[in-house]
Amino acid sequence: MEQSPRGTRDILPGEIYAWQYIEKVFADLCHKYGFAEIRIPTFEHTSIYERGVGDTSDIVKKEMYTFNDKGGRSITLRPEGTAGVVRSFIEHGMSSLPYPLKFYYMLNLFRYERVAKGRYREFHQLGVEAFGSASPNMDIEIIALLYDFFQALGLKNIKLKLNSIGNAACRKIYDDVLRSSLQNMVTSLCSDCQERFAKNPLRILDCKIQNCQKQTENLPRLLEYLDDECKAHHEAVCKGLDDLGIEYEIDPDIVRGLDYYTKTVFEFTSENVGTQGTICGGGRYDSLVHDLGGEMTPAVGFAIGQERLLMELEAQGILPQNSVTIDLYIATMGNEASAFARKLVHNLRQKNIYCEYDLCERSLKAQMKYADKLNCRYCIVIGEQELIQNKAVLKDMSDKTKSFTVDLRDSDSWFDLLVS
Ligand code: HAM
């Protein structure tokens, strides 16, 4: 039997309610914060990610679904959303629009990763990207949005880990510090880290291999090498979060797995969602628009892994549950009653009543069994007698001692019962 490809999964009707619920809460909140939805293509020219995400990142080096299309162009299924949104920002000349520009998205993404708990090859993100403000206010704005979102979902223990990785100038100084500290041990690092040593030593601090992690744990961190401007920015972000009562913890180990970040970086982690444990990651990326061919434009954003967020909600016992009940089930006996029920259902649905009738031509007993499983509030049985008398009994399914005789030709007269 064919199965879905490794690392992909079906989101079945039984679980979709929780997905739709968190998407709605996220979209409503984004609108409240002035973020508008953007939808970008599922695939881009590969160079967007090579130049954007960075050719020393694991994503570009190992995880992209890249292929040549029939026209011989190198195409990549999006492994993340930021680079595509930036490409769209540049392509549509959005730098001429009044700043700030604030976007949100809900995307499916593709990374060829080792499949594990909370780690898939197709996964989903809820994210935001804001362009045109270099002010710490914008960093605070998106972190506040993230915090409000988690609060709206009822998440407990929301503590963001915050760091700054400075600008290009601080990075250059720090790269030299790292290279001279690592000089003597570089050959004992993994082969990827040896390459990182030459191209982008900061990436070594993000290596998942234990031996590399151990060797680098006591090295100086970039936070100690921030220049005055980056330091002031970082302090202003912290102060703003303090003012809003948003809890965070400074974690100098956060460097993020993508190359475009500058200054602020942050993550939200939890042990409940797998080995890497990151539910959300984000930060500022003031050079990415320029690197992808646009004007220098400050920007900041984040993305939440939707599967991991759902895992966390489940672990905290607050996974949104579908509480929708069917207002009315109409059981029928005979063709005439069925035709009558079809019209009645059509009419009631137009008035926003959630109702169903027998679509499988089952026996009355089977229909009643089905009605019990449906979790419906009221049930009505219509047969020949009921049609002759124009009367039927509306049964309250939660309290079967309660029933009401209703006029079949005048559903408006019992409409109030159904909506109460
Ligand atoms: P990221 O840290 O690569 O950042 O991904 C963000 C989140 O996506 C992760 O924290 C995790 O929850 C989820 N995620 C990543 N890979 C997988 C996977 N294989 N399976 C399941 N979930 C996964 C970015 O993608 C940046 N674009 C975030 C950003 C937006 N930075 C600025 N703006």
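Here is a walk through a predicted model, starting at the ligand and moving on to the cysteines and the salt bridges.

The shell around the ligand holds 27 residues, and E80, E113, Y120, Y261 and T278 come nearest. Sorted by class, that shell has eleven nonpolar, nine polar and seven charged residues. Where do they come from? Strands β6 (122–131), β10 (278–284) and β11 (299–305) each supply at least two of the shell residues, with β10 giving the largest share, six residues.

A polar backbone atom of Y120 sits 2.8 Å from a nitrogen atom of the ligand. As for cover, the ligand taken alone exposes 660 Å², and the protein buries 96% of that.

On to the cysteines. A disulfide is a covalent bond between the sulfur atoms of two cysteines. How many does the model have? The count comes to zero disulfides. C170 is in none, with the nearest cysteine sulfur, that of C230, 3.7 Å away; the cut-off for a disulfide is 2.5 Å.

Last come the charged pairs. Side chains of opposite charge can pair when their charged atoms come close. By the rule used here, the model has 28 salt bridges. In one of them, R284 pairs with D139, with the closest N and O atoms 2.7 Å apart. That pair links distant parts of the chain: R284 is in strand β10 and D139 in helix α5 (residues 136–152), 145 residues apart. Are these two residues buried or exposed? R284 is buried, and so is D139.

R377 and D327 also meet in a salt bridge, at 3.2 Å from N to O. R377 lies in strand β14 (residues 376–382) and D327 in strand β12 (residues 326–332), so this pair ties together parts that are 50 residues apart in sequence. Here R377 is partly exposed at 23% relative accessibility, while D327 counts as buried at 13%.

K208 and D206 form a salt bridge too, with their closest N and O atoms 3.7 Å apart. K208 is partly exposed at 47%, and D206 is partly exposed at 23%. Finally, D58, K62, D192 and R196 are linked in a network of salt bridges.

Methods. Residues numbered from 1 in each chain as written. Predicted model: local features only at pLDDT ≥ 70, side-chain atom pairs only at ≥ 80, totals over all residues. Heavy atoms only, no water. Near = heavy atom within 4 Å. Polar contact = N/O pair within 3.5 Å; in protein donor to acceptor, adjacent residues only side chain to side chain. Areas by Shrake-Rupley, 256 points an atom, 1.4 Å probe, with all protein chains shown as cover. Helix = DSSP H or I, 4+ residues; strand = E, 2+ residues; numbered from the N terminus. Nonpolar A, V, L, I, M, F, W, Y, C, P; charged D, E, K, R; others polar. Salt bridge = Lys/Arg side-chain N within 4 Å of Asp/Glu carboxyl O. Buried < 20%, exposed > 50% of the residue type's maximum accessible area, 1.4 Å probe, protein only.
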